[in-house]
Amino acid sequence: MTALLVALLASPSAQAAKDATFWMPPQASTHAAEVDFVFYYIYWLCVFFFIVMMGATFGMAWKYRAKSDDQRTDPISHSTRLEIAWAGFPSILLVVMFVLGFKGFINLSVPPADSFDVRVTGTKWSWSYEYPGSNVSSSDLVVPANTPVRLTMNSRDVLHSFFVPDFRIKKDVLPNRYTVIWFEATAVGEHIVYCTEYCGNGHSRMLSTVKVMEPSAFKVWFNEQNVNEDDIPLVQLGESTFQSKGCAACHSVDGSALVGPTLKGKYGTEEKLEDGSTVTIDDNYIRESIMAPAAKVVAGFQPTMPPYQGQLSDRQVDGLIEYFKTLKD
Ligand code: CUA
C-alpha cells in the first residue's frame, strides 16, 4: 500500500507518455493531464445533460400526449423551486468550468523563470528553431525531457500557428510580434508539430518534429551542433543550412517538383524563365535567387519564396552553392 502511494506521488520524471484515448493523442507534457481533465469534464457534462434532456423531452411528450380529440391542457403555473434549481445548479457547473479553464490558460501563458529558451520562426512553409547563445539551429525542435522549454515565436511572412497535439500546446505565430508558449516534455520520444493557421498552398506540409531526449543525450547533441560555422566544410554547411532554414520544404534534391523547382542536376544548366528568356544556373543566379527570389522566377512556378536577404551569412550562401553543385543527376 505504501509502495503504491509512493509510486503515485512520484515526480513526473518517472512518468512515461500516457497512451492516446479515443478523443485525445498521447499525453506527453505536464500540461496534458490538466487540459484533458477540462476536456473530459465538459465532455461528460454534455453527455449527461444530453441524456437527461432528450429523455425528459421524449418521456414527457409520450406521457402528456393528447389522448382524445376533446382533451384540454390543465392550467399550468410555475415552480419557483424548480426554476432556481435549474438555473443555480448549472451555474455552479459553469463556474467550475471557468475556474479550471482559466487556471489552465494562466499556466500555459506563464513560463517558469528557469525555462530553457528556443526561438521559433515560421516561414512559408517550414519551422526553424534557434538556440540563443550558441551556433545551434535546427529544423527539428530538439529539447531535453523534464525541463521547461520557453518558445519565443515569430513569423517571417504570414500568420501561422504552432501546434503540438501531444503536448496540448497551440499558439498563433505572427509577423512583427513575438508570442510565447512553454511546455515540459515528460517522456523521451518524437512528437509532430502542425501549422494550424491556413497559410497558403504549402500549409498542410508545414510540419516539423519535436525530439525529446534525455538531458544527458541532449547535452551531447547540443555540443555536437554547437560548432563555429567557419569550422564546417562548405558542402556540409550548405546541406545543414538547406535543412535548418527550411529550404527543403519547397525544393527537393531528388528531382521531384514541389512548390519550387528541384535542385537536382540543375547547376550549370539553362533554365527557362517566366518572361520567356533563359538563364544559366551559376553561382550568381543562385545567390540572386536566394536574396531576391522574385527577380528571375523559373517558368511554371509562382514567386512565393520569401527573400533571404540578411538571413544568411556569406559563408552559408557559399555553402548552399557548393552543396547544390554536388546534387548531380
Ligand atoms: Cu503555416 Cu499554415
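This report walks through the strands, ring contacts, salt bridges and surface of a predicted model.

## Ground rules

Since this is a prediction, local features need pLDDT of at least 70 and side-chain atom pairs count only at pLDDT 80 or more, while totals for chains, interfaces and linings use all residues. Numbering starts from 1 along each chain as its sequence is written, and side-chain values use heavy atoms, with hydrogens and water left out.

## Strands and sheets

Strands of a sheet pair through backbone hydrogen bonds, either parallel or antiparallel. For the bookkeeping, two strands pair if DSSP finds at least two bridges between them. On that basis there's an open sheet of five strands, in the order E3-E2-E1-E5-E8, with mixed pairing. Strand E3 (137-138) and strand E8 (179-184) sit at the edges with a single partner strand each, so one side of each has no neighbour in the sheet. Inside the sheet, E1 (residues 116-123) and E2 (residues 126-130) run antiparallel and are joined by five bridges. Threonine 123 faces serine 126 of E2 in this pairing.

Strand E9 (residues 189-195) also has antiparallel pairings to look at. Two bridges connect E9 to E6 (residues 160-164), and phenylalanine 163 stands opposite tyrosine 194 in E9. Another five bridges join E9 to E10 (residues 208-213), again antiparallel; here valine 193 has serine 208 of E10 as its bridge partner.

## Rings and the charges over them

A pair of aromatic rings is described by the distance of the centres and the angle of the planes. The cut-offs are simple: rings of Phe, Tyr and Trp (its six-membered ring) pair if their centres lie within 6.5 Å, with planes under 30 degrees apart called stacked, over 60 edge-to-face and the rest tilted. The structure holds 21 such aromatic pairs. One of them is tyrosine 131 with phenylalanine 222: the centres are 5.8 Å apart and the planes at 70°, so this pair is edge-to-face. Tyrosine 131 is in the loop between E2 and E3 while phenylalanine 222 is in helix H4 (residues 215-225), so the contact ties together parts 91 residues apart in sequence.

Some rings carry a charge over the face, meaning NZ of Lys or CZ of Arg within 6 Å of the ring centre and within 35 degrees of the ring normal. Arginine 65 does this over tryptophan 62, at 3.9 Å from the ring centre. Lysine 170 puts its charged end over phenylalanine 163, 4.9 Å from the centre.

## Salt bridges

Which charged side chains meet? A salt bridge needs a side-chain nitrogen of Lys or Arg within 4 Å of a carboxyl oxygen of Asp or Glu, and a search of the whole structure turns up seven. Among them is arginine 168 with aspartate 36, whose closest N and O atoms are 2.6 Å apart. That pair links distant parts of the chain, 132 residues apart: arginine 168 is in the loop between E6 and E7 (169-173), aspartate 36 in helix H2. Arginine 168 is buried at 10% relative accessibility, and aspartate 36 is buried at 5%.

Glutamate 271 and lysine 266 also pair up, at 3.4 Å from N to O. Glutamate 271 is buried at 15%, whereas lysine 266 is partly exposed at 24%. Then there's glutamate 322 with lysine 325, at 3.2 Å between the closest N and O atoms. These two are three residues apart in helix H7 (residues 314-326), so about one helical turn separates them. Glutamate 322 is partly exposed at 26%, as is lysine 325 at 27%.

## Helix H5

Leucine 237 belongs to helix H5 (residues 234-244) and is buried, with a relative accessible area of 3%. Leucine 237 and aspartate 318 are 81 residues apart in sequence, but their C-alpha atoms are 8.9 Å apart in space.

Notes:
Helix = DSSP H or I, 4+ residues; strand = E, 2+ residues; numbered from the N terminus. Buried < 20%, exposed > 50% of the residue type's maximum accessible area, 1.4 Å probe, protein only.
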